[in-house]
Amino acid sequence: MRALRKYGTVLRLSLQNAFVYRSNVIGGFLFYTVFIFVFFNLWRAIYREGQVAGYSLTQMVWYLCMTELIMFGCKSNIYGQMNEEVKSGSIAYQLNKPYHYVVYQFFNAAGGMLFNLIIYGILAIILGMIMVGPIPGFRLANLPFALISALLGMVINFFFLMTLGLTSFRLEENFAFFLIYQKLVFMLGMFIPVEFLPGWLQGITRCLPFPYVTWAPARLIVAFSWEFFREVLPVQFLWALVSVLSALGMYRYGVAGIQAHGG
Amino acid sequence: MKRIGSILKLIALYFKVNLSSAMEYRGSFLLQAFGMALSNGSFVFFWWIAFQQIGGRIGGYDFKDVMFIWAVASSAFGASNILFANMNNITRLIISGELDTFLLQPKDVLINLLCAKTTLSAWGDLAYGFILMALTQGSADGSAWAMFLVGMVIGGLLMTAVSVMAHTFTFYFGDASLIGGMALELTINFCIYPEGIYRGFVRLLMVTLIPATFIVHVPLRLARTFHPLLLAILLGVSLLYCCLAYWFFYRGLKKYESGNLIITRM
């Protein structure tokens, strides 16, 4: 219980920090708006040619608003921070603190992520309403379930990025892996719903963690069904567990090789 | 003429020094370039899926056209970030007072400042354009290759000019890093999607403040149907835009106040 309270305090402080430095989001707001505007134009041009994989244009634009929202919500720079702390050696100052390094980093970033989710959520709703109007058949009662899925998506993304960042314990250069991971998340669910992929690729994609970061929660928002919720939630839990364990494992493996010298 | 020769010599010297410094960390250099090329490659997948779903044209472009604009945009971005990577740091250099160092040197301040840094991963962007051209346009299409090279050079200069112009606002209004970042982001976004998806005001923006039309869309038109007048317009507008950015920077520089910061460039 005391441990939980400790991390609760870290979360509260990081949330307070996010509110204090709220002017930082102005740039993010502009970039988010540009992304949505460009993709709205692109998909409008695509839909001029016909229907796509069972999604209407309205659903598609809302889908993009939601996937971008989750990605902006996930924004935590954890990959860059891990690289920096490991390479500069400043991680050594945190090893003797009364908390678990990996858990601390999560709660320290969670405040900012929650803040992002709230404010970009407001922007996403405004942009979606202006561009295509309300989501057809949307029910507010289903929103909490979609939010659970979104939070799990953020957890999966955070811990996989942390794992990649922590590889700098053993690798001199890991930027290429970061780019590949990022693009897999973009292409397998964020820019294109999994239903758009060719049949053979859909099967493979559903076995990978990438679509469960944005595709699953975004689809629950634009086209909620209990059947889909029951299908994706256990898989999301499983990938969340795998991502947490991989971050913990990489941390343990990396810390075992640290040599600290006084001075 | 002598002045242009001196500028080109300076660019070539910086390129040589930056490249040999990158080669000191060969592994890191190759990994970053490879990662960037691979990362860009994922967008081919996106377009392949989109065209497969539609089976026709998007915004007036077919798959081959989209790959052409992607190739030009990627190589132009790569070239500008290899030669003039400091274009992204102009605001920081002005605010921190690091600009003083460049003012004291007997070389053109803007060119000296722009060339002083390179981005390793930009080699991946540059190479990606060539690979994409070879894979999607074929080696026999001479006009496509010629326009790709023209687009790459003009595009690289225009992207740099856009960035210089946007960051120069720092001299007038203080920190313009957001404007600088946004201007380049918009330029890239307007370059990598078919022109026909945009309408009205955005189309106007694309031929004026954010000259994306001249970076990729006009070279594409020239590659498909060559017209000497259109080429002359492309060259004229690009030259005018670059001169305007150059003039705007020097006009802003007159407002610069030194912070008397002492730094060492090694």
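Reader: Chain B to start. Is the crossing of helix 3 of chain B and helix 8 of chain B left-handed or right-handed?
Author: That crossing is right-handed. Keep in mind that this is a predicted model.

Reader: At what angle do helix 3 and helix 8 of chain B pack?
Author: About 45°, with the axes 7 Å apart. Helix 3 covers residues 63-83 and helix 8 covers residues 142-173. That makes helix 3 of chain B oblique to helix 8 of chain B.

Reader: Which residues meet there?
Author: From helix 3 of chain B, the list includes B:Phe68, B:Val72, B:Phe77 and B:Ser80. From helix 8 of chain B, it includes B:Phe148, B:Gly151, B:Met152, B:Gly155 and B:Thr160.

Reader: How does that contact divide into nonpolar, polar and charged?
Author: The residues where helix 3 of chain B touches helix 8 of chain B are 11 nonpolar and 6 polar, with no charged ones.

Reader: How many residues of helix 3 of chain B are buried?
Author: 19 of the 21. So helix 3 of chain B is largely enclosed by the rest of the structure.

Reader: What follows helix 8 of chain B?
Author: B:Gly174, and its phi is positive, near 90°.

Reader: Where does B:Ala85 lie?
Author: In the loop between helix 3 and helix 4 (90-96) of chain B. B:Ala85 has 19 C-beta neighbours inside 10 Å, so it counts as partly exposed. Buried takes 20 or more.

Reader: What is B:Ala85 in contact with?
Author: Leaving aside neighbours within four places in sequence, B:Ala85 contacts B:Lys117, B:Thr118, B:Thr119 and B:Ala122. B:Val153 is 68 residues from B:Ala85 along the chain, and their C-alpha atoms are separated by 15 Å.

Reader: Switching to the interface. How many residues of chain A are in contact with chain B?
Author: 26 residues of chain A, against 29 residues of chain B.

Reader: Where does the largest share of the chain A side come from?
Author: Helix 2 of chain A, with 9 residues. Helix 2 (25-48) and helix 7 (175-190) of chain A each supply at least two residues to that side.

Reader: And how does that side divide into nonpolar, polar and charged?
Author: The side of chain A that touches chain B has 19 nonpolar, 3 polar and 4 charged residues.

Reader: Now inside chain A. How do helix 3 and helix 5 of chain A cross?
Author: At roughly 160°, with axes that come within 9 Å. Helix 3 and helix 5 of chain A are therefore roughly antiparallel to each other. Helix 3 of chain A passes helix 5 in a right-handed crossing.

Reader: Which residues make the contact?
Author: Among them are A:Trp62, A:Cys65 and A:Phe72 of helix 3 of chain A, and A:Asn116, A:Tyr120 and A:Gly128 of helix 5 of chain A. The contact divides into 14 nonpolar, 5 polar and no charged residues.

Reader: What about helix 9 and helix 10 of chain A, at what angle do they cross?
Author: Roughly 155°, and their axes come within 11 Å. That makes helix 9 of chain A roughly antiparallel to helix 10 of chain A. Helix 9 of chain A passes helix 10 in a left-handed crossing.

Reader: Which residues meet?
Author: A:Tyr212, A:Ala216, A:Arg219 and A:Leu220 in helix 9 of chain A. Their partners in helix 10 of chain A include A:Phe228, A:Gln236 and A:Trp239. By class, the contact has 8 nonpolar, 1 polar and 1 charged residues.

Reader: Last one. Is A:Asn83 buried or exposed?
Author: Buried, with 21 C-beta neighbours inside 10 Å. A:Asn83 sits in helix 4 (residues 78-88) of chain A. Not counting residues up to four places away in sequence, A:Asn83 touches A:Gly165 and A:Ser168.

Key: Residues numbered from 1 in each chain as written. Chains lettered and ligands numbered in written order. Predicted model: local features only at pLDDT ≥ 70, side-chain atom pairs only at ≥ 80, totals over all residues. Axes fitted to C-alpha atoms, helices over the stretch in contact; angles between N-to-C directions. Helix = DSSP H or I, 4+ residues; strand = E, 2+ residues; numbered from the N terminus. Parallel < 35°, antiparallel > 145°, perpendicular 65-115°, else oblique. Left-handed = near helix turned anticlockwise from the far one by under 90°. Contact = placed C-beta atoms within 7 Å. Nonpolar A, V, L, I, M, F, W, Y, C, P; charged D, E, K, R; others polar. Buried ≥ 20, exposed ≤ 12 C-beta atoms within 10 Å, placed from the backbone.
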